[in-house]
Structures are given as structure tokens and as C-alpha cells.
Amino acid sequence: MVKNLIRYFKSVYFIKAFLVALAMAVPVFISIYFFDNFNIGFSIALGAIFCAPSDVPGSLKHKFFGILISIILTFVVTLLIGSFSDYLVLVPLLVILVFLISYISVFGFRASLISFAGLISLILALAHQSAEISVLEHALFIALGGVWYLSLVILSDVVLPKVQIDYLFVELLEKTSKFIKIRGKLLVEIDNRTNLLEENFKLQTEINELHETIREVVLVKRSKTVFSNRTRRQQLIFSKIIEIYELAISNTIDYEKFDTLFKEHHEKVDEFKLLIFEVSDRLNHISKVILKQEKLTFQNNFNILLKKIENHIEIYKVNVGLPEAREGVIFLLNYKAYQEKQIGNLMDIVRVIDNYSKNDKIRPIKDAEQFLTPQDYDFKKLKANFSFKSPIFRHSLRLTLTMLIGFIIGYAIEMQQPYWILLTIVVIMRPSYGLTKERTKSRVVGTLIGAAVGVGIVFLTQNVIIYAIIAALSLIIGFSLVKQNYRNGAAFITLYVIFIYALINPNILTVIKFRVMDTLIGSVLAYVANYFFWPAWEAKNIKEFLSKSIESFSEFLKQIDVLYHQKGEVPTAYSLARKEAFLQVGDLNAAYQRLAQEPKSKQENSELFYELMSIFNTYLSSLSSLGMYIRTNETGKVPKQFEIYIKHILSNLEKAIELLNNSESSICLEREELAVAAKNYEDYFQILANQRDKEIEKGLPITKEMRSQLHETQLVSEQVRWLLSLSESLIKNIKKI
């Protein structure tokens, strides 16, 4: 409990919430105490809170420009809305601004947060009714509040440079640890594999998002200073975590074949599960070391577990007997080799954290800046998305119409604070139905919980000092929980709103009543609108994600082919292709999760899409496994049959893309050469196996060269056969869509 509280106070979410509270409280206090004018401080506080959404983890440069654009946008919006009171002008202006502001989300995640800031400022500009300061002064003070918040963000980044990156690493380590543990469970929990795989799909999406954020922070050029050594250290740790993650995915297994091979030998599988769990636990330990909850220790069971696995492999070989046991033995030895690489990467992280590696020996990642995903702010995107095919265009129209309806309802029935309806709509509505539904539920439940607690406190005490303390604490806790637990965050924010109004309005029960009513109206409008107003059902859009994933597979496979021929140092092009494949499959996983949250009647071909999801994730695993083997082992001359397989696999991938694009395929390759290639692989492996059998008869130990040839031939041939089979399954399933 104490550790969890300490972690909460160290989190980036708490620090950001504290900054927001400070940015709001200081100007209000100064305004009242020194100028006896609440409105000035309130306007500055609004400016700070408008810019807070743009303050998300990432580089200081991106934060700076994100907040700066938010300042400009909120100033302009506040000035425009505040300058007109005639509904004949105000309503059309509201419609135009809501659409334009929400439409800038086409530029990506950070742009969507800037859009959110603009929409919030628009709504609160409608509520501004102060005779003490003019509209221009109000807008200028809002801009000043934004500048004040920006200065706090920069100051916190200078004073607490480690907090953000350390917390990101902790999150990444914990999620990677969980991902690896699930891979261990997949070996033994036969009846639960479907649920475990779905959980892994979700985790992959979250891990990929963290990878992108950390790349933005650490993969940058630094001058040759002491700080740059720390950055290079972070880069090395990050690269090792990615290596561990890729290795976990690369351990691709044909579970049906795996279960058949080791049906009578569960103890072999159990030992591997324990080893994988140990790796997972060590990653968790490292995350706690970074949080300073534990001291770094080198105690582990790796050597004992590896020795047990070696013994079990020997027992398996003796009990089953050669040559029948050869396939199983090679599989177990390869799997053991993968786990040893995991342990090696893990110990590299431990050594870097423990300062065993000297600064001058830590080199930055080669071509690091090429791994940063470029921010595409080309204005051509605005034109390209201006059609009903674009989910953002539909969302902008939907939000505009819903806001107009909410505006009319709020002012028609004379609610106490009608803008709360609009605020609820903006906070809840998202481009996807599933997320809007989830946020609607969380918002309503959170508001009801907050209102119930608020009523209870009102009946217990009418002390304004207690109200002020509750409001301040609720603000900090609410903002810190919004990202992690939206329902609880909404409950605390409701408490904050209630008791802030309680300080200026003695009729607090009326405030609570209207707060609940407005939230319910706004929530119902948001939910209904996402269902009926130009919905962008995921089943209609998922083809684009499928196509992009296949394109990334094709490029990744081409780079694996190049690497197999060139040997030596891994080229940057290979690493970039691998990164792109992981990101595209992550996006596809996220799209499928959105589809699964939609109404059953709208989930067209949901079972088929699940089948495709399994194929795509298996395909990525198989590609990673093939690439990992080639780049981490000494390999021989590339056989001709490998090239034939690659040619046919790429052909199938191209066919799959053409089918998704509804175009006729003109590709036709001879199947005979594929049959010859398959036979050549089998014959070569059999020649090696026969040669080894003769050596065994003579009592000769296996040579390093023989072991390498056997492992390479079996693993590479098995992977290309599987990739070919999967590519054929892709075509077969895509034809059914």
C-alpha cells in the first residue's frame, strides 16, 4: 500500500496534475489577495487548464510547440466567441469553429489534444459573463495563463529531467514483463490460449505506443556532455528492452505441432515456463529499481533452470531415441538458445544500470534519428481527409451536429449551467463507437459517485475551509487519474466542480442536481450521436490496416533476404522495416479491439477478422524469428530453394494486397519449382541427419559445424514453409471478406 502511494506520487500523472493545480491556484490567489479581483485570476487559470491536454509525454520540443499552438488557438477562439452575443451570428460561428477545430485532429495524436483544448475554450467562452473585464482582456489573460503553464512545464523538465523518462521506462518494463509472462503461459494453458492471445494483442498495441513515445525522448542527437552519456545509456537500455520484446515475439510456435511433440513430456515444457517467468520477474525487479522501491540484486535462478533444461533435453533424447527425437531435440535446443539470448539482454540492462559499462564504451544507436516517426503536418492532409471516407471528417461532422443539439437543448430548457452539456459531449465523444461507449459509461458512473459523495459531505459539514481543501485535493487526484482510470477521475473532478461552486454559491444541492442532469443529457447525446450520425464502423475501415500490415511484411521479408545474403552488420534498413512491421500490426490490433467493442450487428465478419488477426500476429512472429536467427547466428551459403520460397511468399503478399484493393491479380508463378524447392530442403536435411546418425554409430560427438547446419536447415526451412502457408491462408481468408 505504502509502495503504491509512493509510486503514485512519483508518477508523471501526479506531477502533471500538481502542475495544473499550481498553475490554477497561484494566479487566483494573487488576483484576490493583491488585486481584489477574482476574474483576472480565473481567466489566467482557465488559460493554464486549456493548455494542460497538450502536455503529454514526449520531447520538450514537441511539448513546447503543442502548448504554444494551444495558447494561440484558445486566445483566438475565446476572442471570436466572446465578441458576438447575437444568436444569428453566434450559432453559425459555433458550427464553423467546432468543425474546423475538431478537423485538425487529422494531423495526429498531439493535434487531437490541441483540438480538444480549442473546443474546451470555445465552450467556456460561451459561459463567460463578466462585467469587470472585457472580452479582449479575458482572452489576453487566458493567453497569459497558457504562457504561465508553459513556463512551469519547461521548469519542471529542467528541475526534474529524469521523472518523465524513468516513468516511461517503468511502464515499458512492466508491460514487457507481462507480455513475456503470457508467452510462458501459452506453453502450458492449452484451453486458455484464445484469451491469452487476445490479451497479448492488446498489450502489443500499448507496448508499441510506449516505444514511439520513448523514441521521441531518447533517440535524439546530444552534444558530447555528461548528459549525453546518460542519454546513450538510456538508448542502450531501450534497445535491449526492444530486443527482449522482439525475442519474445520471435519465439513463434506452431502450438498444435508443439502439443503433439511434447504431449507425453510436460515436464520439459514446465521448465521452460519457469525460465520465462524468471525473465519476467527480473524485468519487474528492474522497474522497481528505477522507481527506487528495491535495490538492484544479481540473485536469480537462471543457471539452475538452464541446467535443468539441459538435463531434460538429454533425458528426452534418450527416452524417445534418435532419429525419432531429432525434431523435438532441435526444437528444444533452439528454444533454449532463444531464452539464453533473453537472459543475455537482461543482464546487459542490469550491467548498464549498475554502471558496469563505462560511458566511453556506450555508443549511441546507429542512425537513431531515422527511427523517429516523423510528424506529418502537411496541409495536403486536410484536403485528402475532406470526404466521408475519412473517420476524422465524419467525427467532425458528428461532433458539430451533436454540439448544436446540445446547445439548443441547454438554452431551451434554461439549465443552470447549460455549457456543462457541451463540455460532457466534447469530453466523451471520440471517433470510434467503442471508446465513446466506454467513456460514456465511466463518465456517468463517475459523476454519480462524485455527486453522491458530495451530497454526503454537504450533510456532514458546511465548513467552507473543508470545501476548499476537498476541491484542491479532488482537482489534483482527478487530473492524475483521468488517463489511468477515467471513471475514478470523473468522480474526483465532479467533486472539484461541486465544491468550487459551493465556495461561491450557497445552494450547493441545486448545483449537484444540475451537474448530474447536464452530464446525463450530454452523455446520452454523445452515445446516440456516435451510433446514428455518420458512424465509422471499424469493419468498413479495417481493410486499410490489413493492407498496410501486409506491405510492411513484404518490406521486412525483403530486408531479411538481403541480410541473409550480406551477413555482417545489420543494416539500418532492416531495423526500420522491422520497426514498421511491429507498428503496423500494433495499429491493426487496436483496430480489431475497436471493432470488438462495437454492436454485434455492426461487427461484419468478426470471426473472420479474428482469424486474420491471429494469422497477422503469427506472421509477424515468424518473420521476426527468421530475422532474429539470421542476424544472431553464423549462417552458411543461401540455398536456391530459400530464394524460391521468398519469391512465392512475396507474390502471395502482393496478391493479398490486390484482393484488399479489389483489383484483379495478374501474378502467376509456377508451383512446380516450389515443390522441387521443398523436396531439396527435405533431402538436404535428411542427408545431414543420415550423416549424423553414422557419426553416432561411430561414437563421435557432434561438431559445431554439423550442429549449426542441422539447426539452420531445420529452422529456416520450417519458417519459410510456415510463411508460405500463412500467406496462402491470408489470400484464402481475404477472399471471404
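The axes of helix α8 (residues 161-188) and helix α9 (residues 193-218) come within 9 Å and cross at roughly 155°. Axes are lines fitted to C-alpha atoms, for helices over the stretch in contact, and angles run from 0 to 180 degrees between N-to-C directions. Helices α8 and α9 are therefore roughly antiparallel (angles over 145 degrees). Their crossing is left-handed (the near helix is turned anticlockwise from the far one by less than a right angle). The contact of α8 with α9 has 16 nonpolar, six polar and eight charged residues. Asp, Glu, Lys and Arg count as charged; Ala, Val, Leu, Ile, Met, Phe, Trp, Tyr, Cys and Pro as nonpolar; the others, Gly among them, as polar.

The model is predicted: local features need pLDDT of at least 70, side-chain atom pairs count only at pLDDT 80 or more, and totals for chains, interfaces and linings use all residues. Residues are numbered from 1 along each chain as its sequence is written, and side-chain values use heavy atoms, with hydrogens and water left out.

The chain has 27 helices and zero strands (DSSP runs, H or I of at least four residues for helices and E of at least two for strands, numbered from the N terminus). Of its 737 residues, 52% count as buried (under 20% relative accessible area, 1.4 Å probe, protein chains only). Among contacts (heavy atoms within 4.5 Å) with a separation of 6 or more, 81% join residues 24 or more positions apart.

Helix α16 contributes R398, T402, I405, G406 and I409; helix α21 contributes I521, L525, A526, A529 and N530. By class, six residues are nonpolar, three polar and one charged.

Q559 lies in helix α22 (residues 538-566). Its relative accessibility is 12%, so Q559 counts as buried. Beyond neighbours within four places in sequence, Q559 contacts A573, Y574 and A577.

Most residues other than glycine have a negative phi. K292 has a positive phi of about 65°. K292 sits in the loop between α12 (266-290) and α13 (302-320) and is exposed, at 68% relative accessible area (over 50%). W534 also has a positive phi, near 45°. W534 belongs to the loop between α21 and α22. At 34%, W534 is partly exposed (between the buried and exposed limits).

Definitions and conventions: Parallel < 35°, antiparallel > 145°, perpendicular 65-115°, else oblique.
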